[in-house]
Amino acid sequence: MTTIVTPRGTSPSLTGFTIPLTAALGGFFGLLAGSANDMVLAGLVAGAAIGAATAWVLARFLPDRRRGKWATAAVYALGGLLSGGTTGLVAGGVIGLVMGWFALWLHSGRYRAGVPVYATPLQVLWHNSYLFICGLIFFFLIAPIIVVIPLSFNAEEFFTFTPKMLALDPEGYSLRHYRDFFTNPDWQQALRNSVRIAPAATLLSVSLGTLAAIGLSRPHVPFRRAIMAILISPMIVPLIISAAGMYFFYSRIGLQGTYAGVVLAHAALGIPFVIITVTATLVGFDESLTRASASMGAGPVRTFFRVQMPLILPGVISGALFAFITSFDEVVVVLFVGSAGQKTLPWQMFTGLREQISPTILAVATILVTLSILLLTTVELLRRRSERLRGMSPG
Amino acid sequence: MKRKILLATAAATAIGGAAFAASHGMMSNKLVLVSWGGAYQNSQVKAYAEPYKAMHPKVEIIWDESSAEAVAKLRAMNEAGNITWDVVDVVASDAIRLCDEGLAMEIDHDKMLAPAPDGTPASEDFGELIVSECFIPQIVYSTTFGYRTDVAEWGGKEPDDVCDVFDLETFPGKRSLEKRPINNLEWALYCDGVAKEDIYDVLETEEGQARAFAKLDTIKDQVIWWSAGADTPQLLADGEVVIGSTYNGRLFDLIVNQKQPVKMLWDMQVFDLDGWIIPNGLPEDRLARALDFVYFATDTQRLADQAKYISYGPARKSSAPLVPDHMKPHMPTDPENAKNTLLYNYEWWADYRDDLDAKFQAWLAK
């Protein structure tokens with residue numbers, strides 16, 4: 001025990017702490033590599049031995065963290081190259097980087113950096129496990145999206161990392177699926193429909209949602225909570241229920257399978273987002289400003305556009321972006337309310353995935369992910385700007 | 001000779017089509033066709049829709065890839081009183097169900113479809129493939145196996161018998177099978193030593209069913225279950241499975257167009273039919289357009305044209321000689337491939353489907 005509780009800056013025991021833990025991590029990597037080649041036990045043992053050796057060599061001869069990390073990566077990458085070609089080079093490099101960092105992180109005592117000096121070993125362990133679990137959750141959320149991106153540059157017709165791709169051979173990569181997306185009439189029709197439907201639905205949700213939010217923020221409106229709950233309900237009711245209901249209702253009144261029907265349905269889904277974001281900005285809105293405006297002779301409409309609107313604009317815009325993404329990503333309702341003439345991008349992706357697993361879907365997914373990241377970044381920047389304007393956060 | 005038939009067909013189509021259109025007054029200029037997407041729908045676009053569009057430039061043809069849920073969607077449309085589809089491509093068993101429920105229109109095959117170039121009426125030309133009053137047959141396809149040719153563990157041996165799928169000793173590796181009892185139970189019994197003609201008799205009994213499931217149990221932990229026709233080609237291309245069942249046209253695409261190291265195993269392929277139905281309750285003008293399209297799209301030449309693009313056999317006897325020679329070896333109906341086959345038994349499955357579906361799902365979950 002005494003070996004673990006070391007003050008910052010001095011090294012913990014090499015044989016009792018750093019080497020066994022690094023060996024365990026090495027064993028884990030060895031296990032992964034071994035199970036891929038049907039040599040589980042051999043992989044485990046070899047990985048542990050290599051891990052122990054790495055820790056010992058680094059602690060003895062290269063205790064500098066940055067240099068040690070990259071030196072390990074280089075050695076492992078070389079080993080990978082000799083045993084598994086280009087794929088081995090990349091894998092070896094990554095594993096080496098992790099191993100080198102891990103060994104020296106332990107050896108240098110940096111693993112205690114985030115906790116107070118008086119923390120017990122268990123507290124240190126918990127602190128680091130906590131960080132590790134957070135990292136793992138992040139990894140599991142992001143990994144499926146990250147995997148899609150290189151696959152979309154596949155030169156073949158399948159969702160497969162071909163040997164050529166793994167060897168980083170330029171021939172294994174191509175833009176053919178992007179080309180297919182931009183030239184195939186089905187995809188182009190779907191893109192056109194999405195681009196026609198989403199802005200119209202957004203415009204409708206923003207106008208109605210903003211008005212509703214302003215109305216509901218006035219204290220004299222009766223049944224405010226009940227009305228709010230009804231307006232928010234499309235967010236809470238399972239989508240498939242809304243979709244089935246809309247299908248039968250719209251069929252009766254002749255809106256099913258029309259452009260207007262899909263726009264209306266998507267607007268209904270987008271309104272809750274606008275109401276929520278605009279209501280949030282209205283909380284910080286000073287009502288005396290509207291009274292001041294009225295006292296100077298401005299009518300309610302003028303007051304709204306000149307005084308209120310500029311102040312709640314960030315909320316309106318972020319609501320609009322959410323409404324836009326909802327319509328742009330939505331597949332369930334459009335499958336019900338739309339007909340083949342209103343086929344949107346998500347619809348095309350859905351049928352494409354089911355009937356024909358073509359990487360064009362991955363190319364489209366990559367484009368959409370990029371678009372979503374851009375939109376959400378905009379939302380975040382606007383939110384920060386709004387907080388800064390209201391003095392809620394410094395600079 | 002071939003040229004003559006072609007000309008005759010063209011002439012017959014033109015006259016027949018015109019006469020039909022004239023007798024039906026106004027025709028809608030919008031046509032919604034429902035099909036399966038993928039390579040199959042492409043073959044229909046090339047063989048039927050593009051030439052039809054060339055003849056009627058004003059007609060707007062919209063494709064909907066919803067055949068997989070055609071029955072459910074037609075039921076909902078019927079309930080909502082709003083039929084948005086004009087011509088729907090379905091498998092024969094779905095056509096039978098839709099016909100029984102009154103959702104599909106009954107067809108007078110001799111009046112509504114083109115005769116063969118030699119004058120044989122349509123009902124004779126299609127023959128026994130007209131399995132329902134509402135069904136307009138298009139193609140014969142089969143569900144069969146494909147296997148990878150580069151499996152090291154097989155030591156150079158290649159499967160040539162459907163029972164090799166059950167032979168984990170000689171042909172180790174993962175298999176992919178469809179996630180439903182149909183075909184799998186038949187293959188299992190056949191490979192358990194039941195004679196082909198007795199399969200359905202045995203499968204009617206509890207013991208027979210148990211026997212089929214027991215046979216499937218022997219490979220269960222090596223099976224990846226598929227539900228979309230595109231799954232097995234993807235799994236085979238990945239090397240994730242070494243042998244798998246799917247529709248023969250998908251395997252054709254995988255082998256010939258995508259050039260993957262895969263071969264066909266035709267033994268005990270199960271034949272099935274696919275064709276058009278027209279929903280009941282279409283307004284006059286849309287019905288006229290739908291009938292006009294179907295008359296054109298199911299004539300002898302058009303069915304043979306489709307076989308240029310995908311390896312499914314045309315449903316008309318008169319189309320067979322017109323199939324291009326280079327496609328013949330890929331057809332499920334080619335004598336070389338059809339040495340040992342099974343015809344999907346619609347009537348039997350109509351009676352036992354629900355029961356065996358439930359048993360199959362229970363078995364899967366075990």
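**Helix packing, strand pairing and the chain interface**

In the predicted model, α4(A) passes α15(A) in a left-handed crossing, a term applied when the near helix is turned anticlockwise from the far one by less than a right angle. The contact (C-beta atoms, placed from the backbone, within 7 Å) is made by A:I145, A:V148, A:I149 and A:L151 of α4(A) and by A:L362, A:A365, A:T366 and A:V369 of α15(A). By class, this contact has seven nonpolar, one polar and no charged residues. Helices α4 (residues 121-151) and α15 (residues 360-389) of chain A pack at an angle of about 125°, with axes 8 Å apart.

Residues are numbered from 1 along each chain as its sequence is written, and chains are lettered from A and ligands numbered from 1 in the order in which they are written.

In chain B, 12 of the 13 residues of strand β4 (residues 136-148) are buried, with 20 or more other C-beta atoms within 10 Å of their own. β4(B) pairs (at least two DSSP bridges) in the antiparallel sense with β8 (residues 262-277) of chain B over 11 bridges, and B:F145 stands opposite B:L265 in β8(B). Five bridges join β4(B) to the antiparallel strand β7 (residues 243-247) of chain B, where B:G244 is the bridge partner of B:G146.

Between the chains, 20 residues of chain B are in contact with 17 residues of chain A.

Terms used: Predicted model: local features only at pLDDT ≥ 70, side-chain atom pairs only at ≥ 80, totals over all residues. Contact = placed C-beta atoms within 7 Å. Axes fitted to C-alpha atoms, helices over the stretch in contact; angles between N-to-C directions. Helix = DSSP H or I, 4+ residues; strand = E, 2+ residues; numbered from the N terminus. Nonpolar A, V, L, I, M, F, W, Y, C, P; charged D, E, K, R; others polar.
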